[in-house]
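Trainee: I'd like to go through a model with you. Please put it on screen.
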Amino acid sequence: MPICHHYLYLQLKKWAARIVSQFIQRYGSPRYADQANQQFAQFFRSHTAAQLLAPVMNTLASKAKGRFLTDEVHRMCIGYVSSCVEMSPTYKVLKPHLDFIVTGIVFPTLCLTPEDIR
């Protein structure tokens, strides 16, 4: 992939992760949404949040396979998954994948690497 396309691809991932992260923070819990956005927040929580979970998990899986992922995108994706654990509709989708989330994403993120030690 040419360098300019690779850069655009990384920028696209960053903006997509940022938008998804902001949506889950604003509308993931209807009790925290504005009164005008209550209906949208209910719909987002029930339908859209679970659908957005698949691309987020694919992005985290690519990091687990050793592909490059910026720290910012990694952090936002983990934040999205963290918010999804708290919601019943998305937790049902996450539950079969908890082993991968813990062993493939969370544990490697928390472990020190030789670079961290240096």
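Trainee: Which element gives the largest share of the lining of the largest pocket?
Mentor: That is α5, with 4 residues. Helices here are DSSP runs of H or I of at least four residues, numbered from the N terminus. Keep in mind that this is a predicted model: local features need pLDDT of at least 70, side-chain atom pairs 80 or more, while totals for chains, interfaces and linings use all residues. Numbering starts from 1 along each chain, and side-chain values use heavy atoms, without hydrogens or water.
Trainee: What volume does the largest pocket have?
Mentor: About 320 Å³, counted as the space filled by probe spheres set on the joined grid points. A pocket is an open set of points on a 1 Å grid where a 1.4 Å probe fits, with protein on both sides within 12 Å along at least five of seven lines; lining residues have an atom within 4 Å of a point.
Trainee: Which residues lie nearest its centre?
Mentor: Of the 14 lining residues of the largest pocket, Lys63, Asp71, His74, Pro108 and Thr109 do. Two or more lining residues come from each of α2 (38–64), α3 (71–85), α5 (98–110) and α6 (114–117).
Trainee: How do the residues of that lining divide?
Mentor: 5 nonpolar, 4 polar and 5 charged. Pro counts as nonpolar, Gly as polar, and Asp, Glu, Lys and Arg as charged.
Trainee: New topic. What volume has the second largest pocket?
Mentor: About 220 Å³.
Trainee: Which residues line the second largest pocket?
Mentor: Ile24, Gln25, Gly28, Ser29, Pro30, Arg31, Tyr32, Arg45, Ser83, Glu86 and Met87. That lining divides into 4 nonpolar, 4 polar and 3 charged residues.
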